[in-house]
Amino acid sequence: MDNLTTLVIATRNSGKIAEIEDLLKNFPIKIKNLKDFGQIPQIEEDGDTFDENAYKKASFASRVLGFPALADDSGLVVEALSGAPGVLSARYGGEKSTDGDRCEKLLCEMKGKANRKAAFECVISIAVPTGHALTYEGRCEGLIAEKPSGINGFGYDPVFYYPPLNKTFAEMSMEEKSLVSHRGRALCELKSEFSKVMIWISRNMPGLDKFKVIPGCEKTDIEIL
Ligand code: IMP
């Protein structure tokens, strides 16, 4: 285990940690998250896009901790609310609001609206301390339910209805959700070129001499974004 590359998941959100850890569990890396480290300055998520915020979180964590870091920035985009809550999904209804408060506020705003179309969007950024990064994106379309349903997951899961499975995200198991979710789709793309990502990390992390090249991938390359 000791000579594996460490990848830090740059979040304290337990729901996100569980989903990302589960999706990366079969890869030859050691996964840590921000809860494994002491006090780390909070990064302000003040970007206008998921892309900007994901990069900010990943590059900051990587620079501060000295490991490659993966950050997810995600949120719910609702058509009838002109894209809200969008990048403000985590703070919808105020900094101190709970997941339950946010779902309630959303249902209130949606009262009487015929157009219930919404999408979860996710951008995943993997950064190294130099600031170089790779980006992966995923999106899942659905509808805002009339009332919350289900107890699994986190955030807006109880009010996000996914028609193809006739369930809200909160009525799905983690495995079911990951097969169709925005985060699952972004991570699926990452997983499909995981060996190349590991090569990219090793080339961009001076001093990461314990990295093990996966046989057959020695010559692959990934452009720095
Ligand atoms: P951030 O990416 O940390 O800014 O937070 C994203 C916010 O969007 C979360 O706190 C949730 O409220 C919401 N969100 C993102 N992904 C999901 C999901 O898979 N299910 C439910 N809510 C989500």
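Reply: The ligand sits in the largest pocket. On a 1 Å grid over the protein atoms alone, a pocket is an open set of points with protein on both sides within 12 Å along at least five of seven lines. A molecule sits in a pocket if more than half of its atoms lie within 2 Å of its grid points.

This is a predicted model, where local features need pLDDT of at least 70, side-chain atom pairs count only at pLDDT 80 or more, and totals for chains, interfaces and linings use all residues. Residues are numbered from 1 along each chain as its sequence is written, and side-chain values use heavy atoms, with hydrogens and water left out.

Now the shell. Two elements each give two or more residues to the shell around the ligand: strand S3 (69-78) and helix H5 (182-192). S3 gives the most, with 4 residues. Helices (H or I, at least four residues) and strands (E, at least two) are DSSP runs, numbered from the N terminus.

There are 17 residues around the ligand. A residue counts as near if one of its heavy atoms lies within 4 Å. Lys16, Glu45, Asp157, Lys177 and Arg183 come nearest. By class, the shell has 8 charged, 5 polar and 4 nonpolar residues. Asp, Glu, Lys and Arg count as charged; Ala, Val, Leu, Ile, Met, Phe, Trp, Tyr, Cys and Pro count as nonpolar; the others, Gly among them, count as polar.

Next, the polar contacts, meaning pairs of N or O atoms within 3.5 Å. An N or O atom in the side chain of Glu45 is 2.8 Å from a ligand oxygen. For the side chain of Asp73, the distance from an N or O atom to a ligand oxygen is 3.2 Å. Ser74 uses a polar backbone atom, 3.1 Å from an oxygen of the ligand. Taken alone, the ligand exposes 480 Å², and the protein buries 94% of that. Such areas come from the Shrake-Rupley method with a 1.4 Å probe.

Now follow the chain past S3. The loop between S3 and helix H3 (99-109) holds Ser82 and Pro85. Most residues other than glycine have a negative phi, and most peptide bonds are trans. Ser82 has a positive phi, near 55°. Ser82 counts as exposed because its relative accessibility is 74%, and exposed means over 50% (1.4 Å probe, protein chains only). The peptide bond from Ala84 to Pro85 is cis, with omega near -5°.

Technical notes:
A polar contact is a pair of N or O atoms within 3.5 Å; within protein, one must be able to donate a hydrogen and the other to accept it, and residues adjacent in sequence count only if both atoms are side-chain atoms. On a 1 Å grid over the protein atoms alone, a cavity is a set of points where a 1.4 Å probe fits but cannot get out, and a pocket is an open set with protein on both sides within 12 Å along at least five of seven lines; lining residues have an atom within 4 Å of a point. Buried means under 20% relative accessible area, exposed over 50%, partly exposed in between (1.4 Å probe, protein chains only).
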